[in-house]
Amino acid sequence: MILVFFASSLSKPFMTTLRNSSWRLIQPSFFLIGIPGLEESQHWIALPLCVLYLLALLGNVTILLTIWTDPSLHQPMYLFLAMLSGIDLVLASSTAPKTLAVLLVHAHEIGHTVCLIQMFFIHAFSSMESGVLVAMALDRYVAICHPLHHSTILHPRVIGRIGVAVLVRGILLLLPFPILLRRLVFCQATVIGHAYCEHMAVVKLACSESMVNRAYGLAVALLVVGLDVLAIGVSYALILQAVLKVPGGEARLKAFSTCGSHICVILVFYVPGMFSFLTHRFGQQVPHHVHVLLATLYLLVPPALNPLVYGVKTQQIRQRVLRVFDIKGQI
């Protein structure tokens with residue numbers, strides 16, 4: 001009797017460990033709900049999301065081809081814009097296809113590894129987009145405050161190094177996300193109340209200790225957004241200080257107009273992103289379907305609007321695009 005009791009007491013932790021280890025070996029698939037609470041109207045919600053994705057593809061490919069084929073646009077501002085367009089293409093394509101599949105054809109299941117890969121691409125390229133916006137603010141600062149040295153300070157080699165630094169930062173900071181998630185145990189329902197694999201939405205499903213994941217996710221968000229917004233703010237404070245010293249209202253207006261498109265892109269990227277981040281962690285009063293919609297739009301609206309903003313606000317880009325379509329119309 002004593003032996004049986006001893007064996008049974010040993011078997012409980014042993015079986016728990018065995019179950020947890022076997023769960024790690026056979027990782028479960030996840031089930032994406034889509035827009036919780038709006039299941040009946042998800043196909044209607046998918047239509048504007050599909051339009052945004054098509055606009056993002058068409059607009060960013062047009063920007064990339066325009067800059068690539070026109071040597072006169074191989075300048076710092078347009079090279080950074082090309083980086084932004086490339087990142088927007090990856091960001092939108094990492095989110096939209098699976099989200100549209102969930103909403104339109106009810107393809108809710110996503111493999112564990114595929115979910116982690118999607119999550120890494122979304123968060124890593126969001127970090128890269130933030131880094132490119134900092135680089136574009138630096139370009140505007142040099143162009144306005146040091147116009148005579150603009151080409152010598154931001155020559156192609158420096159621009160290439162900035163691009164590599166943005167890429168490496170995004171990979172190194174966000175690679176721990178999927179690595180840390182693989183150590184978690186998902187022994188309960190693996191239903192994600194989201195339209196794609198978002199980091200905190202996956203972390204909340206774990207039944208093992210996830211404090212490290214939560215702390216690291218918060219630290220990365222505060223580090224990336226905090227430092228990048230600070231750098232952009234300092235750049236524009238110096239730009240404002242320099243512009244206010246310029247005599248003549250017309251000259252000031254021209255200096256401000258060169259920053260207009262970049263400021264619009266910054267607002268489109270950071271404002272919805274910060275609202276989505278804050279409501280996900282602290283906004284318990286915000287309905288969940290509102291948060292999911294905002295988080296999805298945050299990944300599709302900037303890639304769709306950025307080419308339109310730069311196409312309308314930047315004369316050189318607008319002229320080149322119109323010239324291309326005019327040539328095609330004549331042919």
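The side chains of D139 and R140 form a salt bridge, with 2.9 Å from N to O. The model is a predicted one, and every value here is computed from it. Side chains of opposite charge can pair when their charged atoms come close. In this protein the count comes to two salt bridges.

The other bridge joins the side chains of D228 and R169, again described by an N to O distance, here 2.9 Å. D228 sits in helix α9, which covers residues 211–244, and R169 sits in helix α6, residues 156–174, so the pair ties together parts that are 59 residues apart in sequence. The two ends differ in their surroundings. D228 has a relative accessible area of 5% and is buried, because buried means a value under 20%. R169 has a relative accessible area of 24% and is partly exposed.

Helix α9 also holds L227. This residue belongs to a nonpolar surface patch made of L223, L227, L230, V234 and L238. Together the members of the patch have about 430 Å² of accessible area. Is L227 itself buried or partly exposed? L227 is partly exposed, as its relative accessible area is 49%; the class of exposed residues begins over 50%.

For the protein as a whole, the accessible surface is about 17300 Å², and carbon and sulfur atoms supply 73% of it. The chain has 331 residues, of which 44% count as buried. Among contacts with a separation of 6 or more, 80% are between residues 24 or more positions apart.

The secondary structure consists of twelve helices and three strands. The three strands make an open sheet in the order β2-β1-β3, and the pairing is mixed. Its edge strands are β2 (109–110) and β3 (191–192), each of which pairs on one side only. Strands of a sheet pair through backbone hydrogen bonds, either parallel or antiparallel. Which sense applies to β1 and β3? Strand β1, residues 30–32, pairs with β3 in the parallel sense, over two bridges. At the residue level, F31 has V191 in β3 as its bridge partner.

The remaining topic is the aromatic rings. A pair of aromatic rings is described by the distance of the centres and the angle of the planes. The count in this protein comes to five aromatic pairs. One of them is F120 with F121: the ring centres are 5.9 Å apart and the planes stand at 85°, so the pair is edge-to-face. The cut-off behind that label is an angle over 60 degrees. F120 counts as buried, at 16% relative accessibility, whereas F121 is partly exposed, with a relative accessible area of 31%. Another pair is F269 with Y270, which is also edge-to-face, with 5.0 Å from centre to centre and 80° between the planes. Here F269 is buried, with a relative accessible area of 4%, and Y270 is buried too, with 9%. Ring pairs also link F120, F121 and F125 into a cluster.

Technical notes:
Residues are numbered from 1 along each chain as its sequence is written. This is a predicted model: local features need pLDDT of at least 70, side-chain atom pairs count only at pLDDT 80 or more; totals for chains, interfaces and linings use all residues. Side-chain values use heavy atoms; hydrogens and water are left out. A salt bridge is a side-chain nitrogen of Lys or Arg within 4 Å of a carboxyl oxygen of Asp or Glu. Helices (H or I, at least four residues) and strands (E, at least two) are DSSP runs, numbered from the N terminus. Buried means under 20% relative accessible area, exposed over 50%, partly exposed in between (1.4 Å probe, protein chains only). Two strands pair if DSSP finds at least two bridges between them. Contact means heavy atoms within 4.5 Å. Accessible areas come from the Shrake-Rupley method with a 1.4 Å probe; for residues, only the protein chains shown count as cover. Patches are made of residues with over 30% relative accessible area and no salt bridge: like charges are joined within 9 Å, nonpolar side chains (Val, Leu, Ile, Met, Phe, Trp, Tyr) within 5 Å. Rings of Phe, Tyr and Trp (its six-membered ring) pair if their centres lie within 6.5 Å; planes under 30 degrees apart count as stacked, over 60 as edge-to-face and the rest as tilted.
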